[in-house]
Structures are given as C-alpha cells and as structure tokens.
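Please consult the sequence and structure shown here while reading.

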There are 2 protein chains.
Amino acid sequence: MASSSNGIPQKDGKEPDPTDYANYFCTYSFLYHQKDMLEDHKRTGAYHRACVNNAQCFKGKVVLDVGTGSGILAIFAAKAGAKKVYAVEATSMAKFARQLVAHNKLESVVEVIQGTIETVELPEKVDIIISEWMGYFLLRESMLDSVIVARDKFLKPDGALYPSHARMFLVPIRSNQSLQRKSDFEKSLEGWTEFVEDMKENYQVDLGCLDPEYHKEQTDYFLHTAQWCDVHPEQMMGPPCCFKEYDLKTVTLEELKAPLRANFSLPVMSPGPIESLCGFFDTHFKGSKENLTYQEVILSTAPDATGATHWGQQAFHMFPRVMAQPGDRLVGSIELLRKKENHRLMQVNMEFKLEGSSPAAKSTPSRKVSWHIE
Amino acid sequence: MASSSNGIPQKDGKEPDPTDYANYFCTYSFLYHQKDMLEDHKRTGAYHRACVNNAQCFKGKVVLDVGTGSGILAIFAAKAGAKKVYAVEATSMAKFARQLVAHNKLESVVEVIQGTIETVELPEKVDIIISEWMGYFLLRESMLDSVIVARDKFLKPDGALYPSHARMFLVPIRSNQSLQRKSDFEKSLEGWTEFVEDMKENYQVDLGCLDPEYHKEQTDYFLHTAQWCDVHPEQMMGPPCCFKEYDLKTVTLEELKAPLRANFSLPVMSPGPIESLCGFFDTHFKGSKENLTYQEVILSTAPDATGATHWGQQAFHMFPRVMAQPGDRLVGSIELLRKKENHRLMQVNMEFKLEGSSPAAKSTPSRKVSWHIE
C-alpha cells in the first residue's frame with residue numbers, strides 16, 4: 001500500500017536502517033515518505049502502465065484502492081476511465097489524497113475514505129482492487145492481509161486484482177557486503193573485549209559474564225539479519241529460482257498467516273564461493289480471467305544494472321560461505337514465519353546442501369541457517 | 001536510568017538519529033546499548049566517584065537504584081558499603097543485572113527486582129535513591145517522573161537522592177551546523193520542485209497543491225527540530241545562563257508534568273552572529289542536608305574541548321541568525337512542554353529580544369520560535 005513504510009530512502013547509498021521506520025510516522029514526514037515512493041519510477045511507472053495501457057479494463061468500472069496514501073493509484077485508475085474509485089487510507093494522508101484528487105479535478109470520480117479496510121463499508125461491490133502492498137522480500141509488513149480482506153469483502157466474483165500475481169525468488173550471489181558484515185562483526189567483538197577490560201580497570205567491575213550474551217546479540221545482528229542490497233546482475237552466480245507464486249485471486253488469509261514453506265534448487269553456473277543468497281520478488285498485472293489486461297505489466301525487483309527499486313533486494317549472507325563450483329547445485333528448503341513479537345517482521349529459516357561433483361559438494365554437510373528480516 | 005534510551009551511539013560522529021531508539025528495543029541490542037552508556041566515562045565515572053569517594057555516606061545504608069539497567073550503579077553502591085541495594089529494572093535487562101551482581105559476588109547485598117517502580121513493593125524504606133534518569137536537554141524521556149514516584153514511595157524523610165540536583169543552561173553559539181541545516185532545507189525544497197515537475201511529465205498528475213504542506217513538513221524538520229551537537233567551548237559567545245534548577249528532594253510530579261517556564265538573559269561577549277542557542281544540563285551529587293556528600297561530584301554536559309558525553313548538547317538553530325555584537329544581551333523566556341502525542345518527546349517555545357546599543361539590537365524586533373526535541 002502507498003501508506004506502508006516500504007519507501008525508506010537510502011542514506012549515502014547504504015542500506016536503510018530498519019529503525020528509520022519510526023521517522024516515517026513522525027507527523028512531519030508523511031509527504032517526504034510519499035515522495036520517496038512516488039519517485040521510484042519502476043514502481044510508480046509499472047502501476048501507471050498497468051492502468052493507462054489497459055484503459056479498456058478500467059473503462060466504466062468501479063475500483064477500490066487499498067491504502068491509497070497520496071491517492072496516486074486512485075488517480076491513475078480514474079484517468080484510465082474508471083466510473084468510480086474508492087480510495088481507502090487509514091492514516092491522515094487521506095487529507096492530502098483528497099486535496100490531490102480535487103486539484104486534479106477528479107473529485108467526481110475518486111472518493112477518499114479515511115479508515116481501515118477492516119472497518120470501512122462501501123455502498124457497492126467493486127470490479128477492480130488496486131493496491132501497492134509489497135514490503136521487503138514481498139511479505140514484510142504483512143500488508144497483503146488487508147488486500148485479501150478487501151477482496152473477500154468487496155470484490156465481485158469476476159473482479160480483478162492489480163497486481164494479480166506475485167512471485168518470490170532466490171539466487172546465489174557474490175557479495176562484498178557479506179565480507180564487510182563479517183569484519184564489522186569481528187570489530188564489534190573486539191570492541192566488547194576492550195570495553196570489559198576498561199570497566200575492570202576503571203571501576204573494578206567484571207562484566208565478563210555477559211560475554212556470551214553480547215556475542216549472541218552481535219551474531220544475531222551482524223550474521224543473522226538480512227541486509228538491504230542493490231545487487232548488480234553480474235553478481236548472480238546462476239539463474240534465480242522462483243520458489244513461491246501467489247495468485248491474489250485465490251490465496252487465503254489463513255495461508256498468508258501460516259508459515260510459508262517451499263523448496264529451491266539453485267544451479268551454480270559461474271565460479272567463486274557463494275557469499276549470499278539474494279531474495280527478491282516481482283508482481284504481475286494480468287487482470288482477471290474474465291477481464292485480462294491487454295498489456296501484461298511486470299513490476300520486478302530483480303538485480304538490475306540500472307539500479308534497484310526502493311525495495312532493493314534482501315541479502316541472506318552465509319557464514320562460512322559455500323565453496324561451490326560451476327555445475328554444482330544448492331538444493332534446500334525455505335521457511336518464512338511472522339515474528340511473534342511483531343507480525344510485520346519476519347524470520348527466515350533455510351536448510352540446504354550443495355550437490356554436484358566438485359570437492360566442496362562432496363565434502364560439505366547440509367546446513368541450517370536463520371535470518372531476521374527487520 | 002540505565003535502561004533509558006539515552007545512550008544512542010553516534011554514527012560517523014554525526015547526530016544520532018532520533019529514530020535509532022527503535023533499534024534499542026530490538027531484542028538483540030540490549031547489551032550494545034548498555035555498553036554505549038557505560039563507556040561514556042564522564043557519565044559512569046561521575047556516578048562511580050559519587051559512590052566510592054563518598055563511601056561514608058553509603059556505609060550501612062539501604063539504597064534503591066531506579067532503572068538499574070546493567071546493574072552498574074547498584075554495584076557501585078554496594079562497593080561503597082551499602083548494607084542492602086534494591087535494583088529495580090522494568091525490562092528484561094534485569095536478568096543480566098542479576099548475572100553481573102552474582103559474577104561480582106554481591107548477591108548478598110544487591111537484590112535485582114524486575115518491575116516498574118510504580119508497581120514494585122519493597123520490604124523497607126531506603127536511605128538513598130540512586131538513578132541515571134537524564135535525557136537529552138535533561139528532561140526528554142520524562143524518566144525523572146519515576147524517580148520522584150520512587151522518592152515519594154520509598155525514601156526516608158532524611159534520605160538522599162543521587163544526583164540531588166539538576167540544572168539547565170542556555171548559551172549563544174556560533175555553529176556551522178546551522179548553515180548546513182539551512183542548506184539541506186533548501187536542497188530538500190528544490191528536490192520537491194523537481195519531483196513535482198517529474199510527476200507531471202511522467203504521469204500527468206499535478207502535485208503542486210501539496211507544496212505548502214511539504215514546505216511546512218520540511219520547515220518543521222530542518223529548521224524547527226533541535227539537533228544533537230558536540231559544541232567546542234570556543235563556539236560559545238558568552239557565559240551560559242542557568243535558567244532552571246531542580247532540587248530532586250522537593251520537586252513534585254505535578255511540577256514536572258506542567259510546562260516549565262523560565263526567563264534567560266544571555267550576555268554576548270564575542271563578535272559574530274548568534275547562529276544557535278545551545279542547551280545542556282548538569283547534575284550535582286550533594287547528598288541530603290542530613291547526610292551531605294564528602295566530595296561533591298558534578299556530571300556536566302556543557303561544551304567541552306575533550307568531547308561531549310553521549311547526551312551531547314541540543315542546538316536550537318535560529319533562522320535568520322541574530323546579528324549580535326559584543327555588549328549586547330539576548331533576553332527572553334523559554335517554555336518546555338511535553339508533546340501530547342508522546343509525553344517522552346518535547347516542544348520548546350522561546351521568545352527573545354536582543355538588547356544593547358548595537359545597530360542590530362536597536363533594529364531587531366522580538367521573536368517567537370519553537371523547536372521539537374525528538
């Protein structure tokens with residue numbers, strides 16, 4: 001959704017700090033956040049094309065925009081010829097969406113409603129639900145839940161969802177970021193050792209008993225937290241593997257809330273150790289069976305030589321790295337869970353083994369690793 | 001308090017982002033946060049001296065540490081000779097405090113209790129309350145409230161608070177940071193103008209109606225938010241003015257919750273425009289009337305050539321700057337309010353006028369300015 005907190009700007013080209021989210025809920029950074037998402041042209045452009053290049057699908061239709069934010073998708077739908085657009089937004093961004101609609105002379109078509117999708121009522125069923133609900137690695141934020149609630153409440157049986165499908169991918173990559181991460185981790189442990197010495201010397205207090213806990217904290221943070229990244233296609237060591245596809249017309253809330261479990265098989269085509277698995281997603285705008293889009297639009301967050309979308313990709317660094325050789329194959333399973341403490345955050349568990357004829361494949365045992373997506 | 005979120009580390013020597021707080025509530029950064037506060041030696045050292053250099057005041061006494069965090073202040077009190085120390089901590093840091101106490105063989109003296117000060121019960125009244133409760137500009141975080149609750153619940157009538165007093169200061173400074181801030185603000189507005197053009201060109205949507213709101217957001221953020229700073233004494237344009245002193249023995253919860261209103265008069269001793277007012281605090285360890293400390297310890301966050309504490313100072317930049325000359329005096333009033341949305345954050349309102357014989361003093365009207373402390 002446009003009002004989600006996906007659109008965190010990068011600072012100096014570095015990974016956006018997960019804690020930057022708080023900033024987006026400051027009263028004075030609403031528009032800054034919207035600007036940041038809107039000017040991601042791969043994102044905004046895909047939605048724009050999905051609407052205006054498929055005007056035949058929108059002509060005379062009733063549309064619902066779930067989490068309209070600035071109102072931009074509702075405006076695209078109206079410009080594509082929709083008869084009526086309900087633009088639902090939970091936050092006070094609704095006020096600005098209303099202004100924008102009026103300023104663009106679309107108030108006879110677009111009706112902005114402030115409220116949550118779970119509580120609002122509409123006077124009619126809708127033909128199309130449009131929404132930008134995607135989070136990091138597709139599912140972070142769990143905003144798709146609201147779209148599915150909206151579908152079950154408001155979409156006509158032959159209605160369409162924009163996007164209609166979403167897919168999740170993994171690909172093995174080379175990554176200097178993972179080396180940096182390891183080095184930062186080691187520096188952090190050294191810093192702790194010096195700190196413990198320093199406390200003993202200055203205050204005669206021995207903090208050594210906290211060593212294991214500090215080590216655990218830092219291991220969790222540096223080695224087991226997925227990192228935002230902007231991967232160049234040349235870093236990919238083989239073709240990506242699609243391990244999950246969602247058809248938004250049929251997926252259930254129960255399925256979304258349950259752990260996602262899937263298998264993957266990643267052929268290694270080029271030499272060098274696998275330093276990370278890179279996770280990303282794409283979404284497709286196919287319309288519905290009864291009302292197919294004329295031009296299928298794809299919004300992809302795959303590694304791209306022209307730079308990443310604001311979602312980037314998620315790097316799951318592997319320590320130690322996997323000494324694969326061309327012809328090997330990384331075979332395993334992935335499990336995605338929502339965190340108990342905060343259902344918008346996630347945990348990723350993987351189990352994998354290198355298969356093939358290389359020495360490493362023959363000698364490397366299977367591994368289990370977990371990462372947080374913060 | 002040790003478990004407060006004061007101790008945010010600086011990143012590359014820059015102001016810690018207010019949103020870094022969130023990170024400190026991640027399950028895996030508890031100890032990182034504690035380390036950061038403990039290794040601020042101006043802070044930890046002051047508490048250490050207040051205890052061990054005043055062992056006579058602690059000998060045989062019952063002590064309460066409010067918000068013990070790692071347990072370090074409770075340990076200092078025990079090492080200074082306290083008979084019994086109750087160390088109260090609301091978060092799960094209590095577990096580590098307990099480990100640290102045992103590891104330092106003080107479990108016969110220090111009892112760690114997990115709970116909030118508002119709900120815990122102690123089997124006896126205490127002679128001394130020790131606590132590190134200070135936030136940015138002293139009062140941010142509003143942690144002093146808990147100490148006052150503890151005092152009213154548990155402190156003997158002739159008991160002492162460590163620290164016993166706190167003072168707040170303002171001083172006019174020169175600051176390149178304010179110029180940078182202004183320039184960042186202007187860049188941000190230019191970026192918005194380009195963005196609006198870009199949206200019109202790419203998507204035929206006119207966002208111009210949001211110009212005033214974006215301008216307001218960015219003005220609030222860049223020009224009316226106090227900034228963490230590490231001011232060198234040479235930047236000060238005159239002596240600081242103490243505008244408020246708290247005697248922790250007598251201040252009431254009502255007084256703390258009400259707006260703080262005070263006057264200030266800042267003599268300008270050196271030339272150059274006043275770019276910012278710099279706000280800071282100190283705390284004093286004087287003991288109580290009945291049990292004075294032998295050595296009065298001061299923990300100061302004033303501008304210091306050896307570098308700031310982790311609190312730094314707060315810079316209230318002034319746009320436009322005040323064209324003061326030596327001999328002038330900046331005279332005004334300050335009002336500090338807790339924010340309605342979040343009582344741990346604050347708003348600062350000032351009204352001031354330049355007085356003196358310089359041309360600027362004669363021609364400059366009085367001004368009202370507000371800042372957020374985020």
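## Basis of the description

Two strands are taken to pair if DSSP finds at least two bridges between them. Helices (H or I, at least four residues) and strands (E, at least two) are DSSP runs, numbered from the N terminus. The model is a predicted one, in which local features need pLDDT of at least 70 and side-chain atom pairs count only at pLDDT 80 or more, while totals for chains, interfaces and linings use all residues. Residues are numbered from 1 along each chain as its sequence is written, and chains are lettered from A and ligands numbered from 1 in the order in which they are written.

## The parallel sheet of chain B

Chain B contains an open sheet of five strands in the order S3-S2-S1-S4-S5, with parallel pairing. Its edge strands are S3 (110-114) and S5 (155-162) of chain B, each of which pairs on one side only. Direction ignored, neighbouring strands are turned by 25° against each other on average; here axes are lines fitted to C-alpha atoms, for helices over the stretch in contact, and angles otherwise run from 0 to 180 degrees between N-to-C directions.

Strand S4 (residues 126-130) of chain B runs parallel to S5(B), and four bridges join the two. Within this pair, B:Val126 has B:Leu155 of S5(B) as its bridge partner. Helix H6 (residues 93-103) of chain B packs on the sheet, where it touches strand S2 (84-89) and S3 of chain B, and its direction makes about 170° with that of S3(B). Contact between two residues requires that their C-beta atoms, placed from the backbone, lie within 7 Å.

Helix H7 (residues 144-154) of chain B has buried residues at B:Leu144, B:Ser146, B:Val147, B:Ile148, B:Ala150, B:Arg151 and B:Phe154. A residue is buried if 20 or more other C-beta atoms lie within 10 Å of its own, exposed if 12 or fewer, and partly exposed in between, with C-beta atoms placed from the backbone. The cover over these buried residues of H7(B) includes strand S1 (62-66), S4, S5 and helix H10 (253-257) of chain B.

## Strand S4 and its neighbours in chain A

Strand S4 (residues 126-131) of chain A is mostly covered, with six of its six residues buried. Strand S1 (residues 62-66) of chain A is parallel to S4(A) and joined to it by four bridges; A:Leu64 has A:Ile129 as its bridge partner in S4(A). S4(A) also pairs in the parallel sense with strand S5 (residues 155-162) of chain A, again over four bridges, and A:Ile129 stands opposite A:Leu161 in S5(A).

From S4(A) the chain crosses through helix H7 (residues 144-154) of chain A to S5(A) in a right-handed β-α-β crossover. Right-handed denotes that, with the strands pointing away from the viewer, the path from the first strand over the helix to the second runs clockwise.

## Antiparallel pairing

An open sheet of four strands in chain B has the order S9-S13-S14-S15, with antiparallel pairing. Strand S9 (260-267) and strand S15 (367-373) of chain B each have a single partner strand, so one side of each is left without a neighbour in the sheet. The twist from one strand to the next averages 20°. Ten bridges connect strand S13 (residues 329-338) and strand S14 (residues 346-355) of chain B in the antiparallel sense, and B:Ile334 stands opposite B:Met350 in S14(B).

In chain A, strand S10 (residues 274-288) and strand S11 (residues 291-300) run antiparallel and are joined by six bridges. S10(A) and S11(A) form a hairpin with two residues between them, and A:His284 has A:Ile298 as its bridge partner in S11(A).

## The surroundings of B:Ala360

B:Ala360 lies in helix H11 (residues 359-363) of chain B. This residue counts as partly exposed because it has 15 C-beta neighbours inside 10 Å. Leaving aside residues up to four places away in sequence, B:Ala360 touches B:Met323, B:Ala324, B:Gln325 and B:Leu354.

## Symmetry and the chain contact

A rotation of 180° with 0.0 Å of shift along its axis superposes chain A on chain B (RMSD 0.0 Å). The two copies are therefore related as by a two-fold rotation axis. Superposition is by least squares on the C-alpha atoms of residues with pLDDT of at least 70 in both copies. The same surface serves both copies, as 100% of the contact residues of chain A recur in chain B.

The contact takes 39 residues from chain A and 40 residues from chain B. On the side of chain A that touches chain B, the largest share, six residues, comes from H8(A).
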